[in-house]
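Please have the viewer open and follow along.

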Amino acid sequence: MLSYEPSDISHKDFHQILLSGVAPRPIAFVSTIDANGNCNLSPFSFFNAYASKPPVVAIGPAIAAATGKVKDTWKNIMETKECTINAVTYSMVEQMNLASTDYEYGIDEFVKAGFHKKQSTAVKPPLVEESPFSMECSLINNIELFREEGGNGNIMLLRVLRLHVKESVLTDGKIDPRKMDFVARMGYKWYSRVTPESCFECAQPRVKGIGFDALPQYIIESTVLTGSDLAKLAGVTAIPGVDNDWLQTQIVSTADSFEIELQTNNPAGALSVLTQNSNLNNRSNLYHRVAQSYLTVGQIQEAWQTLFLAERK
Ligand SMILES: Cc1cc2nc3c(=O)[nH]c(=O)nc-3n(C[C@H](O)[C@H](O)[C@H](O)COP(=O)(O)O)c2cc1C
């Protein structure tokens with residue numbers, strides 16, 4: 001395991017290691033207007049949402065470590081107190097990257113990078129028409145980070161005045177992450193793309209689960225069940241009782257081989273093969289694999305009953 005304090009390595013190296021570990025980061029594509037009415041558009045991945053009532057987001061425009069130059073975005077927001085923040089999709093990445101060029105103050109990156117402007121309603125800076133999700137924001141406060149010791153960071157706290165979402169990214173009226181095609185910033189030159197295949201659901205617990213420490217020893221010590229499997233078992237509010245009739249409800253007459261049933265996510269089929277073939281070896285392990293398959297398809301109670309069977313064998 002490598003470990004560093006900031007003073008151990010160069011600022012450049014520490015910066016890249018920090019940003020590789022704090023990843024993936026959403027990208028705020030920030031549009032601002034200067035006091036003379038010139039537009040500016042730049043990406044910032046020091047960005048997140050911190051509250052929803054009232055809605056507060058923050059970006060972190062740095063002062064260039066080498067030159068001491070402040071970002072045009074920072075200057076404009078300090079002057080006019082307004083910006084829009086637009087999400088970045090995969091089809092926007094190359095143009096967004098071009099817009100991150102350090103153009104002279106007053107140069108309009110909408111023009112340089114070929115983005116289209118859409119009128120905002122609550123602030124003067126325009127929205128990026130290509131983006132499926134945009135926010136109109138006003139400055140709450142700028143926090144200077146450690147200037148007394150040469151710090152180059154800022155946190156600009158911004159209040160969200162209005163949201164815009166394109167209908168094309170909705171499913172049943174809700175934003176569907178599989179339709180956003182978002183990109184996120186990693187370390188060095190890396191980005192990641194959110195594809196439908198990379199999205200999954202994991203509902204936050206609404207009840208107090210029993211926890212790992214309450215799981216029976218033979219389950220904790222399973223050589224089959226993973227940490228994720230154990231977490232699903234430990235999410236129940238109480239260890240269920242043994243249901244002696246349960247096995248009968250699971251038996252199917254058309255089961256194929258044990259392995260095929262498991263591969264096709266059919267734990268009941270695998271369990272049927274297992275219970276009807278006394279010549280299968282290492283039975284405890286096989287029961288644990290069936291339980292794992294039940295967990296995979298979201299049948300937690302069935303997984304518990306299968307593990308009770310394993311313990312009885
Ligand atoms: C994806 C991406 C994310 C970036 N994130 C930040 C950031 O969070 N803070 C920062 O100071 N610069 C960041 N940069 C660099 C700025 O976009 C760049 O310095 C830009 O020229 C600033 O423009 P401005 O001076 O017109 O505001 C990022 C660049 C890219 C490509």
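Which helix and which strand each supply at least two residues of the shell around the ligand? They are β3 (39-44) and α2 (72-80), where helices (H or I, at least four residues) and strands (E, at least two) are DSSP runs numbered from the N terminus. Before going further, note that this is a predicted model, in which local features need pLDDT of at least 70 and side-chain atom pairs count only at pLDDT 80 or more, while totals for chains, interfaces and linings use all residues. Residues are numbered from 1 along each chain as its sequence is written.

Back to the ligand: 17 residues surround it, and the closest are S42, F46, K71, D72 and T73. A residue belongs here if its C-beta atom, placed from the backbone, lies within 6 Å of the molecule. Strand β3 gives the most to this shell, with four residues. By class, the shell has six nonpolar, seven polar and four charged residues; Ala, Val, Leu, Ile, Met, Phe, Trp, Tyr, Cys and Pro count as nonpolar, Asp, Glu, Lys and Arg as charged, and the others, Gly among them, as polar.

Now follow β3 into its sheet. Seven strands form an open, antiparallel sheet in the order β3-β2-β6-β9-β10-β5-β4, with two strands counted as paired if DSSP finds at least two bridges between them. At the edges sit β3 and β4 (47-52), each pairing on one side only. Neighbouring strands of this sheet are turned by 30 degrees against each other on average, direction ignored; axes are lines fitted to C-alpha atoms, for helices over the stretch in contact, and angles run from 0 to 180 degrees between N-to-C directions. The partner of β3 is β2 (residues 28-33), joined to β3 by six bridges in the antiparallel sense, and I33 has C39 of β3 as its bridge partner.

The other contributor to the shell, α2, lies across β2, β3, β6 (82-86), β9 (133-145) and β10 (153-165), at about 55 degrees to β2. Contact here requires C-beta atoms, placed from the backbone, within 7 Å.

Definitions and conventions: Two residues are in contact if their C-beta atoms, placed from the backbone, lie within 7 Å.
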